[in-house]
Amino acid sequence: MSDEESTEYYTLLCDDPSHEVVLVDCGPREMDVILAVRKVTGQSLWHSRDLARQAPVTLLGGLSAYRAQSAVAVLQGVGARAEWRQEPKPRERTAP
């Protein structure tokens, strides 16, 4: 590469970073929460029960803020403690 040529690098920013939905606690109505987990994840009843019993657990990831808030509202509507948060950024790889 000569002195006249140069390389430019750009960082692209997303307007809406992805979010995740975390089930913090089932609360007293476990069966209602299991059904709500099934509704928001689309998983089987068996898998939804396992997820609900592993709380705190991340149920969904890669969602827009609106979809994450909607899923949390469904879970909170049946008495669960749930929250949505921005997904952590992947760590950048470093050369050895």
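Begin by selecting Arg 29 together with Asp 32, where the two side chains form a salt bridge whose closest N and O atoms are 2.9 Å apart. Keep in mind, as you look at this pair, that the model is a predicted one. Side chains of opposite charge can pair when their charged atoms come close. If you now display the surface around this stop, Arg 29 counts as partly exposed because its relative accessibility is 42%, and Asp 32 is likewise partly exposed, with a relative accessible area of 31%.

Next, select Arg 49 and Asp 50, whose side chains meet in a salt bridge with an N to O distance of 3.5 Å, a value that lies within the 4 Å cut-off for such a contact.

For the next stop, move to Glu 83 and Arg 85, which are joined by a salt bridge in which the closest N and O atoms are 2.2 Å apart. Here Arg 85 is partly exposed at 36% relative accessibility, and Glu 83 is partly exposed at 34%.

How many salt bridges does the structure hold? There are four in the structure, among them the one between Arg 29 and Asp 32 with which this tour began.

Technical notes. Residues numbered from 1 in each chain as written. Predicted model: local features only at pLDDT ≥ 70, side-chain atom pairs only at ≥ 80, totals over all residues. Heavy atoms only, no water. Buried < 20%, exposed > 50% of the residue type's maximum accessible area, 1.4 Å probe, protein only.
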